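User: I'm new to this one and would like a close look at a single part. Could you walk me through it slowly?

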Amino acid sequence: MKNVTVIHCWSAPRSRSTALLYSFESRSDCVALDEPLYRRWLEENSNQNQDTSSGVTRPYTNEFIAATPHDTAREEDHFKWIREKDDLNTRINLAIERLQNEQTEEQVVIFAKHMAKHCPLFDFDRDCEVPNVNTSKGHHQQGNVEN
């Protein structure tokens, strides 16, 4: 059985959070999740769901929400688009399963980089529970990255 630590990093745009994400992603005992709440935020805030023009617009919003790669997406990146359909807890569960199957380390880490503006979408009671997927103990940690 493995000990799973889930680290939630809440950051501001243009901070060093992406570099931190890449450093966690390079670890063999870690799965890194890049803005796993972004799709849901887009669903709730995009122009397509609002009667006024006050909603946000982003390139590929419709494709991202539908988890369908855009026309110029590289074939090897299609899985990244498809995984966006999964909610935060599903992505954490899949990461745990992957780490359970692929890693020999007793302690494994899931690093989730979030944007601070997505915080209202995070249920600190529900989303901080690590499911029992052959884990002996689960920990969630909150952190902030500043410029």
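Which element gives the most to the lining of the largest pocket?

Analyst: Helix H5 does, with six residues in that lining. A quick word on ground rules: this is a predicted model, where local features need pLDDT of at least 70, side-chain atom pairs count only at pLDDT 80 or more, and totals for chains, interfaces and linings use all residues. Residues are numbered from 1 along each chain as its sequence is written, and side-chain values use heavy atoms, with hydrogens and water left out.

Now the pocket. On a 1 Å grid over the protein atoms alone, a pocket is an open set of points where a 1.4 Å probe fits, with protein on both sides within 12 Å along at least five of seven lines; lining residues have an atom within 4 Å of a point. The largest pocket holds about 770 Å³ of space, a volume being the space filled by probe spheres set on the points, which are joined across faces, edges and corners. Its lining counts 27 residues, and Asp 34, Lys 80, Arg 83, Glu 84 and Arg 91 sit nearest the centre. Besides H5 (88-102), at least two lining residues each come from helix H1 (17-25), strand S2 (30-34) and helix H4 (78-83). Those names are DSSP runs numbered from the N terminus: helices are H or I with at least four residues, strands are E with at least two.

Let's follow Asp 34, one of the residues nearest the pocket centre. Asp 34 is partly exposed, at 34% relative accessible area, while Lys 113 is buried, at 3% (buried is under 20%, exposed over 50%, partly exposed in between, with a 1.4 Å probe and protein chains only). The side chains of Asp 34 and Lys 113 form a salt bridge, 3.2 Å from N to O (a side-chain nitrogen of Lys or Arg within 4 Å of a carboxyl oxygen of Asp or Glu). Lys 113 lies in strand S3 and Asp 34 in strand S2, so this pair ties together parts 79 residues apart in sequence.

Lys 113 also has a side-chain polar contact of 3.0 Å with Thr 18 (a pair of N or O atoms within 3.5 Å; within protein, one must be able to donate a hydrogen and the other to accept it, and residues adjacent in sequence count only if both atoms are side-chain atoms).
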